[in-house]
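Let us read this model together, one feature at a time. Look first, then ask.

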Amino acid sequence: MAVLARKPRDLADVKALLYRPEVRQVAYQAALLAALAFAAYWVVNNVAANLRRQNIASGFDFLSRTSGFDVAQTLIEYSNLSTYGRAFLVGLLNTLLVAALGILAATVLGFVIGIARLSSNWLIAKLAAVYVELVRNVPLLLQLFFWYFAVLKNLPNPRQSFALPGGAYFNVRGLYLPAPVFLPGFGLVAAALAVGTLATAALWWWARQRQALTGERIAVLWPALAAVVGLPLVVFLAAGRPLEVDYPVLGGFNFQGGVAVMPELIALLLGLSIYTASFIAEIVRAGILGIPKGQTEAAQALGLSRGLSLRLVVIPQAARIVIPPLTSQYLNLTKNSSLAVAIGYPDFVSVTGTILNQTGQAVEVILMTMGVYLAISLLTSLFMNWFNSHMALVER
Amino acid sequence: MTHFARRAALAAVVLAGLAGLTGAASAQTKTLDTVKQRGQLVCGVNVGLPGFGAADDKGVWSGLDVDYCKAIAAAVLGDAGKVRYVPTTTKERFTALQSGEIDVLNRNTTWTISRDSSLGLSFAGVNYYDGQGFMVKKAAGVKSGKELGGATICVQTGTTTELNLADFFRINNLQYKPLVFEKMDEALRAYQANRCDAFTTDASQLYAVRLLTSNPDEHIVLPDIISKEPLGPAVRQGDSQWFTIVRWVHFALLNAEELNVTQANVDEMLNSTHPDVKRLLGKEGDFGKGLGLDNDWAYRAVKQVGNYGEVFERNVGSGSRLKIDRGLNGLWTKGGLQYAPPIR
């Protein structure tokens, strides 16, 4: 009896629960999530079924098979007897190399141009403005072709190479640099360098603390130089100069020995960093212009020199404006590096292209390629977000 | 509640749409019916390889592979002009065929076991027996591929070429550097700019590519042939009727040459008393029906395109700028490898 009597109230309870906004929100989101998950499952399942039905191989077994092809630039040991998985890694490292070097060069160049555009010197400011407007409005692929086919291709043949100071050569095949050969005992020199660097860092930290406490400024430059350069030099001489240089020598079709830098890498680096620098320059300019003039005036009123007020007052504040858009440029540069395919640099896309064609497993290879770019981008953005929060104004 | 209902309806529509999309792709339709219904053959060809598949400045396609597209269209649709050409790169070509974007791939594509067994493709025959070779600058003084130790070699990506190259240098214990480009144009430009010592691809293409250089006389094709490259038309697996049609159009062109049936004399040949000629041209027997076509299929192909020998000479042989010897591509009766099963 009691149970029967309670039933209508139960229903009303359930109804009331359904009408509660929080519950409905959660329910909608759960439903949407379930629908998405189902759609994803269904697409994957459908693709797999179709591949099977059309008799197209699928799965990731091919990664452990022998690749059978060579790559022109390998940062790790690799030959045509290595696996497809290793080839992936080789391509990935080539992409990371060009992205890291490109980001470094673009940042330095971008900051210089950005500040130059704000210069009180009319000529410098206008030159910087022309650079920005010219470079950022020409498609990147064209700029790559320009550097690769118009500039670097006009370099002389190996036999007529430009000889650079220090035993280096530059020709149409690339830049040939003397390579250091480390002999046993060089570990001591490296250790001395590490010790010197640590000592300098400690000294710098101590000097700062001291200045904060007493206001007394201590010059650290000379002791720092002594620790970073002097100490390793002494150890180097004492250990009997455990370093030799392998110079490039002309032989056969080309130079042998030394370190060869592919012209494709040089062209790609030039193209990517010059292009991205024009965007970074504008971001830097916006950052500096975004700081109210009163800040500079206040710094000068406190007696700070022009350089100090820039370094201690303007730049830390400008950095907060600059970092978020800078992150986008870094991501752009990394993704743009896939244009390497057009000029023969063996980047990730180029190597996976070969893998795709040899294995015919388009779905897997493309998925892996997309996954890797996504991971690189997310990691870059994670780091920059951390850096941004580190630099952000701490509100008290 | 209406709010929820609207959302649910939206979700249902999206899901149904997805289902429809992929469902259509998975439905097994007969290529012959699709082609007839469309009234046009969609043929995957090279983006631009003189002699095999290339469009001129007016957008008119020509080449050995292109003539195979025309012959199939003539046999199936009755008109060699009813072809839509889809230029494909080495990387795209198999996906284009697998996904149904093209009906047949006539794009100097090498027949290998992996392509037969794991790409879901079937090769209908060999319309050109090729092999990989090298082109070098005369000035380099190289006479053989074995002298290429330490050389930098320009390659176009997405071909069996990279694999053969690695094998060749591994077998001969030589060092080399491959420089891989996405497009042939760029690979050739880099080679011409002296970035590479040699350019490698199938020998047939080397002759074509040599003509594309600014001064063909400065370049020579080395005698070394480092691989077997049987090139031929490919179709999707699982449609044996379409496969049979493509294969027998090829055989019909070969048989026509063997029987001396040419584009010019095919109409006279209709009155021939030779039983093989009568069977080829549909005057005897009922062979077209088995293919799902009429009995004039081979007549139309020869009438509109010519026999294999004519197609060869016109596009890559003596009638072309390439001037490639028949060599392995001669008929079996003349010391070549081209041999077609009989029509009977």
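Q: Leaving aside its neighbours within four places in sequence, which residues is B:Thr109 in contact with?
A: Contact means heavy atoms within 4.5 Å. By that rule, B:Thr109 is in contact with B:Arg93, B:Phe94, B:Arg115, B:Phe123, B:Pro230, B:Leu231 and B:Gly232. A word on the basis: this is a predicted model, in which local features need pLDDT of at least 70 and side-chain atom pairs count only at pLDDT 80 or more, while totals for chains, interfaces and linings use all residues. Residues are numbered from 1 along each chain as its sequence is written, chains are lettered from A and ligands numbered from 1 in the order in which they are written, and side-chain values use heavy atoms, leaving out hydrogens and water.

Q: Where is the place of B:Thr109 in chain B?
A: Helices (H or I, at least four residues) and strands (E, at least two) are DSSP runs, numbered from the N terminus. B:Thr109 sits in the loop between strand S5 (104-105) and helix H5 (113-118) of chain B.

Q: Is B:Thr109 buried or exposed?
A: Buried means under 20% relative accessible area, exposed over 50%, and partly exposed in between (1.4 Å probe, protein chains only). B:Thr109 counts as buried because its relative accessible area is 0%.

Q: With which side chain does the side chain of B:Thr109 make a polar contact?
A: A polar contact is a pair of N or O atoms within 3.5 Å; within protein, one must be able to donate a hydrogen and the other to accept it, and residues adjacent in sequence count only if both atoms are side-chain atoms. Here the partner is the side chain of B:Arg93, at 3.3 Å.

Q: What helices and strands are there in chain B, and how many?
A: Chain B has 14 helices and 14 strands. Of its 344 residues, 54% are buried. The C-alpha trace spans about 75 × 75 × 40 Å along its principal axes.

Q: Which domains does the domain assignment of chain B give?
A: Domain bounds come from an automatic or database domain assignment. For chain B they are domain 1 (31-129 + 231-332) and domain 2 (132-227). Taken over C-alpha atoms, the centres of these domains are 30 Å apart.

Q: What area do domain 1 of chain B and domain 2 of chain B bury between them?
A: Buried area is the accessible area (1.4 Å probe) that two parts lose on being put together, summed over both. The two domains of chain B bury about 1,200 Å², with 62% of it on carbon and sulfur atoms. In domain 1, B:Leu49, B:Thr90 and B:Leu322 lose the most area to domain 2, together 33% of what that side buries.

Q: How many salt bridges does the rule find across the interface of domain 1 of chain B and domain 2 of chain B?
A: A salt bridge is a side-chain nitrogen of Lys or Arg within 4 Å of a carboxyl oxygen of Asp or Glu. Between these domains the rule finds zero.

Q: How many salt bridges are counted between chain A and chain B?
A: The count is two. A:Arg173 forms a salt bridge with B:Asp197, with the closest N and O atoms 2.6 Å apart.

Q: How many residues of chain A and of chain B are in contact?
A: 45 residues of chain A touch 52 residues of chain B. The area buried between the chains is about 4,000 Å².
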